[in-house]
Amino acid sequence: MYRRIFDIEGRLDEGMFLLGARQTGKSTLLKERFKGEIYFDLLDPDVKKGFKRNPNSLKQALWGKPPGTLVIIDEIQKVPELLDIVHTMMAEKGLWFILSGSSARKLKKSGANTLGGRAIPETFYPLVWPEVTDFQLDRAVRNGMIPRHYMVEDATKRLKGYIELYLNEEIREEGEVRELDAFERFMEVAAISDGEILNYSNIASDCGVSVKTVQSYFRILYDTLVGYEIPAYRKTVKRRVIQAPRFYYFDVGIANYLMGRHSLRRGTDDYGHAFEHFVMQEIIAYKGYNDKRDIISYWRTYDKKEVDAVIGDARVAIEIKSSEQVKNKHKAGLRAFKEEHPDCRLILVSLEAVTRMSDDIEMMNVLDFLKKLWGGEIF
């Protein structure tokens with residue numbers, strides 16, 4: 001239904017770790033692009049059990065294959081012991097591998113073989129704007145861009161099922177936390193911090209656990225690819241700036257569900273938060289898919305001047321507002337940033353119907369912004 005833009009064929013060179021959260025479409029992509037290749041699905045209980053019992057059976061299955069043969073192992077973190085065999089088959093037999101998974105945590109904890117740099121890690125994201133021919137902004141802001149969620153009008157039940165699957169299979173099954181109820185409560189409290197500056201002490205107080213536990217919970221979200229941090233832009237000229245990172249769930253639909261934001265309406269604060277998250281989600285995915293080296297950060301001063309996204313070393317500053325009529329107060333953060341970084345390109349993304357210039361600020365309708373972003377015209 002959706003033609004994914006990730007150029008997996010062009011990026012594949014000997015080996016690849018294809019990492020992405022559950023249901024982003026990794027398996028579908030692999031089956032569509034590599035029909036007829038050797039494929040092992042470790043979500044199949046029998047396949048998983050067989051390799052757990054005898055990892056060497058992978059070597060036996062592949063030993064006679066010619067160099068350059070491509071082998072795909074889906075959900076590799078389920079049996080990390082296979083990586084030693086994969087390394088051998090790459091080094092001695094010249095086989096190529098794509099190893100997909102929804103968690104780097106299990107691989108790290110097991111001290112798994114990283115294949116001596118032979119497999120390049122790549123991140124696979126939820127749907128992005130150019131992949132959806134009938135794109136509907138409000139649906140994307142409400143449901144998020146996980147394919148199964150975006151394609152329905154009301155994704156509430158699917159989002160509920162997604163969270164339960166994550167808790168049961170990524171957290172309980174892997175024994176990541178002692179108290180699943182506490183982690184579930186943490187996920188809800190973390191959603192309140194979605195798009196906000198992290199304050200571990202406040203979150204720990206709300207969850208009834210220690211700061212150390214909260215920090216370990218966030219690390220689980222990052223390692224299972226369900227959340228990520230945006231660092232603060234720390235280069236200062238005059239103003240003192242906040243230096244703590246911001247947190248985002250990997251998909252806005254997840255944050256909406258955990259926050260109980262089921263029926264978003266334009267003009268509300270809830271819609272504004274979700275709109276900002278969606279745009280940031282697109283910026284992050286564009287950077288990842290296009291190998292951009294620019295760090296994406298945010299900027300906030302102690303006197304509450306703010307810019308949502310700073311690209312690179314102040315090359316581009318982007319403010320995101322869900323207003324249909326931009327006012328002067330919405331430009332204050334960009335103008336303050338410009339005072340300290342006069343060569344920076346300034347962009348304000350909003351729901352205003354007409355894209356235009358206002359002094360030195362590019363006022364972009366969100367759909368025009370997405371077109372320019374994916375056309376390589378932003379950074």
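Here is a short tour of the chain, from the overall fold down to a couple of single residues.

Before you click anything: this is a predicted model, so local features need pLDDT of at least 70 and side-chain atom pairs count only at pLDDT 80 or more, while totals for chains, interfaces and linings use all residues. Residues are numbered from 1 along each chain as its sequence is written, and side-chain values use heavy atoms, with hydrogens and water left out.

**Whole chain**

Start with a cartoon view. You'll find 16 helices and 13 strands (DSSP runs numbered from the N terminus: H or I of at least four residues for helices, E of at least two for strands). The radius of gyration is 22 Å, close to the 21 Å from the globule rule for 379 residues, so the chain is as compact as a globular protein of that length. Here the radius is taken over C-alpha atoms, and the rule is 2.2 Å times the number of residues to the power 0.38. Switch to the C-alpha trace and its principal axes span about 70 × 45 × 45 Å. Of the 379 residues, 54% count as buried, meaning under 20% relative accessible area with a 1.4 Å probe, protein chains only.

**The cores**

Now select Phe-183, Phe-186, Tyr-249, Ile-283, Ile-318 and Phe-369: in the largest nonpolar core, which has 95 residues, these touch the most other members. (A nonpolar core is a set of buried Ala, Val, Leu, Ile, Met, Phe, Trp, Tyr and Cys residues joined through side-chain atoms within 4.5 Å.) Colour helix α14, residues 269–289, next; with eleven residues, α14 gives the most to this core. Apart from that core lies another one of 22 residues, including Val-71, Leu-82, Leu-95 and Ala-119.

Zoom in on Phe-183. Not counting residues up to four places away in sequence, Phe-183 touches Tyr-166, Leu-167, Ile-171, Val-177, Tyr-217, Ile-220 and Leu-221, where a contact means heavy atoms within 4.5 Å.

**Two loop stops**

Pick Ile-242, in the loop between β6 (227–230) and β7 (246–249). Is Ile-242 buried or exposed? Ile-242 counts as buried, at 15% relative accessibility. Beyond its neighbours within four places in sequence, Ile-242 is in contact with Ile-197, Ala-232, Tyr-298, Arg-300, Thr-301 and Tyr-302.

Last stop: His-341, in the loop between α15 (332–340) and β11 (345–350). His-341 is buried too, with a relative accessible area of 7%.

Conventions:
Buried means under 20% relative accessible area, exposed over 50%, partly exposed in between (1.4 Å probe, protein chains only).
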